[in-house]
Amino acid sequence: MMARRRNFLRSVAATGVAAFAGVRPLQAADSEIEINPSTPGPPINPHIYGHFIEHLGGVIYDGIWVGRNSKVPNVDGIRKRFVDDMKRIGAPNLRWPGGCFADGYHWRDGIGAAGKRPRTYNYWEHRMPAGRRATESNAFGIHEFMRLCRLVGAEPYVAANVGSGSPQEFHDWVSYCNAPAGTLSLADERTANGDREPFNVKYWGVGNESWGCGGNMTGGEYATQYRQYISQVPVYVRPYFVATGPRGHSADGDVGWTEGFFAGLQNVRGLGVRVDGFALHYYTDFRQTAEDGARFDAKGWYAVLHKGVHIEKIINDHWAIMAKYDPQHRTKFVLDEWGNWYRGGTELGPDYILSQTITLRDALHTAMTFDIFNRHADKIEMANVAQTINCLHSLFAAVGDKYTRTPAYYAFEMYRPHLGGRYVPARIDFPEMTVPLLEGSARLAGLSGSASVRDTILTVTLTNPSLQESVVTRIRLTGGARLREGRATVLTHEDTHATNTFERPDEVGLAPLAVQVSGDTATMTISKQAVVAVSLQLG
Ligand code: AHR
């Protein structure tokens, strides 16, 4: 009986575009979720919930760096509200300085007395609107970046310059960051510039997008560069090297890059060439469509969510290729750029290139992406949203003294309990939907999610992408586990286009959701177009 009602309701959701305008659910559908918390899987690396900030548009300058003399509340020149919010979500890492900017960046330009630092060319200059400049002031360099990391409590992840730098320049940067005080001249220089204690940077990106702005190489050519960059690197902290991975959002998933790179390392692997992380990039890329961040219909809603979850296939496809060369999977993914990328038109202002309106749609996309990352916790060392502030898939928007959290921010806040938990498989019994896309239609999970356990708390996150119907959800524990109590929060809005603006910063936010707990079962109703995070105390 229940299944029949479910199927009826799902077919309402599948009747096409006309059905989306104004059709209200007659009743909620039912879903069953089975979880056995006593058989947890791999740990979820907290770094999966990581960040990326680049010298691009308004990301660093204004977004993060307001300067020490700014009227905007700051800590040593760094926007205070940004620091506070990043602490609130437990931001585990920050990738910097790019992006495409990284392969044109020379780290020495960003050290020493602020007034004496050179003004240099910024890669993004060519994307600035007519009459606007992107000249790099170098006011924000490695010391300022490390100050930010320490304020937030985040691990630094530094992308080195392979595209226009040299192995020597990279090695000097590593020594400057990590050599103990008093040992090398470079360590003395760091001390003289204000930081006696080494930065102990562990995560090093060996270039960025070396198939494009990072050097236009083939996978094989890059393998040669990679070997040269890492072979003589000074070791003070055991480095974690991240090699450039594929452009996962290419039409063919860019599997040729992964083949070419790993094949290029084959005959030298015995000499100790290590690839700790492999940087897969996946943008939910709508740049070539009419879709922008703010204006969309039901087709646009589902198209973005559907293309977003395609990342799971890309992860599996590249993992399978890597298995051929590395059957034990010593190399993990570092998904160091992911997020939605719309065509322009909703920027915060002319200097804030690549910024875009973030709506409820992006928040659901964030949640569905995180659930995929959790489910592949065995494969992923780190992931970094592109980019944290004033950019594509941002958590924050800031212009001068104006600041707001975007709807995507709240997905990070909701998913925080997963950080450092152990993934627990969840069997979700709920039918797929047929949804309209920009062209044609496709199948999309009617309810998706993931679960993790930490101590005696089971966290379950769930997304209902339907624009029509709510879902009565029963989470049932198996394996003899019992529940003591349950709490939940929900992220939703009546209007799919809802966003937070400087004038209305709290339009989209979290609200409590009622959960009934009885024995081994927790029951709640997940409204349409909603993300829910459930926290269950095991008895
Ligand atoms: O995030 C914006 C840009 O996208 C990055 O600089 C680059 O790595 C990617 O193509």
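Modeller: Let's start with how residues get sorted: Ala, Val, Leu, Ile, Met, Phe, Trp, Tyr, Cys and Pro count as nonpolar, Asp, Glu, Lys and Arg as charged, and the others, Gly among them, as polar. By that sorting, the shell around the ligand has seven nonpolar residues, three polar ones and three charged ones. Keep in mind that this is a predicted model: local features need pLDDT of at least 70 and side-chain atom pairs 80 or more, while totals for chains, interfaces and linings use all residues. Residues are numbered from 1 along each chain as its sequence is written, and side-chain values use heavy atoms, with hydrogens and water left out.

There are 13 residues around the ligand (a heavy atom within 4 Å), and E54, C100, E209, Y283 and E337 come nearest. Now zoom in on some polar contacts (N or O pairs within 3.5 Å; within protein, one atom must be able to donate a hydrogen and the other to accept it, and sequence neighbours count only if both atoms are side-chain atoms). E54 puts a polar side-chain atom 2.7 Å from a ligand oxygen. Q387 also uses its side chain, with a polar atom 3.0 Å from an oxygen of the ligand. C100 does it with its backbone: a polar atom there sits 2.9 Å from a ligand oxygen. On its own the ligand would expose 280 Å², and the protein buries 94% of that (Shrake-Rupley areas, 1.4 Å probe).

Stay with C100 for a moment. Its sulfur is 2.1 Å from the sulfur of C213, and the two form a disulfide (cysteine sulfurs within 2.5 Å). The structure holds one disulfide, and with -85° about the S-S bond, the link of C100 and C213 is left-handed. What does it hold together? C100 is in the loop between β5 (93-96) and α3 (142-152), and C213 is in the loop between β7 (203-206) and α6 (219-231), so the bond ties together parts 113 residues apart in sequence. Those labels number DSSP runs from the N terminus: helices are H or I, at least four residues; strands are E, at least two.

C391 is in no disulfide either, as its nearest cysteine sulfur, that of C100, is 11 Å away. C391 is buried too, at 1%.

Ten of the ten residues in β9 (277-286) are buried, so the strand is largely enclosed by the rest of the structure.

Finally, look at what flanks β9. Strand β8 (240-247) pairs with β9 (at least two DSSP bridges make a pair) in the parallel sense, over four bridges, and R247 has H281 as its bridge partner in β9. Strand β10 (332-342) also runs parallel to β9, joined by eight bridges. There, Y282 stands opposite W338 of β10.

Note on methods
Buried means under 20% relative accessible area, exposed over 50%, partly exposed in between (1.4 Å probe, protein chains only).
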